[in-house]
Amino acid sequence: MKDAAKPGGIGWYRAGENICYYQNQMKRKGGGSYYTLSFEVTFKNDEDEVYLAHCYPYTYSDCCELLQRLCTNETKDKIRKTVLCKTLAGNDCEMVIITNFLSRPEEIALRRAVILTSRVHPGESNASYLMHGTLEYLVSDDEGARYLRDNFVFKVIPMLNPDGVIVGNYRTSLSGLDLNRQWQGPSMKQCPENFATKVMMRKT
């Protein structure tokens with residue numbers, strides 16, 4: 001609701017009743033059926049402004065703020081940030097590297113790498129909340145997190161499709177491509193995020 005969206009308001013919250021997802025009577029040309037999602041929402045106030053989302057939003061700004069908070073001079077011994085590439089719109093597609101940087105370089109070079117990416121589809125904001133928690137855990141003082149940093153190098157791209165997130169696309173990038181279908185031979189001009197990720201993976 002409008003008041004909830006104001007600064008200091010309660011923000012996003014779950015709502016809706018009689019939520020159903022079912023196969024309907026419409027048939028697909030290639031076989032199979034279409035499905036219907038239905039729900040009821042009661043609007044409590046007249047002349048109100050209401051925003052609906054299938055999951056709590058997680059914006060590009062949210063991601064940048066998280067990385068800025070995690071990547072400080074005090075944490076440089078366990079997490080470091082770099083720009084993987086520039087997107088078509090000129091935004092930073094950022095990557096963080098997490099390991100125990102206090103180790104000798106030759107020790108770090110022998111560690112196995114774990115590569116994590118998220119938000120290739122802009123509409124899947126729930127993936128960003130999972131990545132948010134993963135990053136916070138990996139840089140924590142938990143015994144398990146320290147073990148992981150001592151034995152692995154994590155290369156994490158928390159938002160692989162920043163342009164799509166910024167402009168509000170559900171599945172595609174700024175070029176209108178589903179980046180999750182561009183891994184076979186990504187174009188540096190049309191999907192620099194995929195291209196740069198594959199280069200990084202080959203070098204890892």
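**Figure 1. Helix α2 and its buried face.** In α2, the residues Tyr-60, Cys-63, Leu-66, Leu-67 and Leu-70 are buried, where buried means under 20% relative accessible area, exposed over 50% and partly exposed in between, with a 1.4 Å probe and protein chains only. Seen down the axis of α2, these buried residues fall within an arc of 125°, so they line one face of the helix; the arc is that of the directions from the helix axis to the C-beta atoms. On the other side of α2, Glu-65 and Gln-68 are exposed. The buried residues of α2 pack against β3 (79-86), β4, α4 and α6 (162-167), contact meaning heavy atoms within 4.5 Å. Helices (H or I, at least four residues) and strands (E, at least two) are DSSP runs, numbered from the N terminus. The structure is a predicted model, in which local features need pLDDT of at least 70 and side-chain atom pairs count only at pLDDT 80 or more, while totals for chains, interfaces and linings use all residues. Residues are numbered from 1 along each chain as its sequence is written, and side-chain values use heavy atoms, with hydrogens and water left out.

**Figure 2. The protein as a whole, for orientation.** The protein has seven helices and six strands, and along the sequence these follow the pattern α-β-β-α-β-β-α-β-α-α-β-α-α. Its C-alpha trace spans about 65 × 45 × 30 Å along the principal axes. Of the 204 residues in the protein, 33% are buried. Among contacts between residues at least 6 apart in sequence, 59% join residues at least 24 apart.

**Figure 3. Helix α4 and the elements around it.** The 13 residues of helix α4 (residues 126-138) should span 18 Å at 1.5 Å a residue, and the end C-alpha atoms of the helix are 19 Å apart, which agrees; the expected span is 1.5 Å times one less than the number of residues. The buried residues of α4 are Ser-128, Met-131, Leu-135 and Leu-138. Viewed down the axis of α4, they fall within an arc of 90°, so they line one face of the helix. These buried residues pack against α2 (60-70), β4 (92-98), β5 (112-117), α5 (143-151) and β6 (152-157).

Figure 4. Cys-93 is found in strand β4 and is buried, with a relative accessible area of 0%. Not counting residues up to four places away in sequence, Cys-93 touches Val-83, Leu-84, Cys-85, Thr-87, Ile-157, Met-159, Leu-160, Pro-162 and Glu-193. Cys-93 and Arg-119 are 26 residues apart in sequence and 11 Å apart in space, C-alpha to C-alpha. Arg-119 is found in the loop between β5 and α4 and, at 5% relative accessibility, counts as buried. Phi of Arg-119 is near 60°, a positive value in a residue other than glycine. Most residues other than glycine have a negative phi. Another positive phi belongs to Asn-18, where the value is near 50°, and Asn-18 is found in strand β1.

**Figure 5. The largest pocket.** About 870 Å³ of space lies in the largest pocket. On a 1 Å grid over the protein atoms alone, a pocket is an open set of points where a 1.4 Å probe fits, with protein on both sides within 12 Å along at least five of seven lines, whereas a cavity is a set of points from which the probe cannot get out; lining residues have an atom within 4 Å of a point. Grid points are joined across faces, edges and corners, and a volume is the space filled by probe spheres set on the points. The pocket is lined by 26 residues, of which Tyr-13, Arg-14, Ala-15, Leu-52 and Ala-53 lie nearest its centre. At least two lining residues come from each of α1 (2-5), β1 (17-27) and β2 (33-40), and β2 supplies the largest share, three residues. By class, the lining has 16 nonpolar, five polar and five charged residues, where Ala, Val, Leu, Ile, Met, Phe, Trp, Tyr, Cys and Pro count as nonpolar, Asp, Glu, Lys and Arg as charged, and the others, Gly among them, as polar.

**Figure 6. The second largest pocket.** The second largest pocket has a volume of about 230 Å³. Its lining is made of 15 residues, of which Pro-57, Arg-119, Pro-122, Gly-123 and Ser-125 lie nearest the centre. By class, the lining has seven nonpolar, seven polar and one charged residues.
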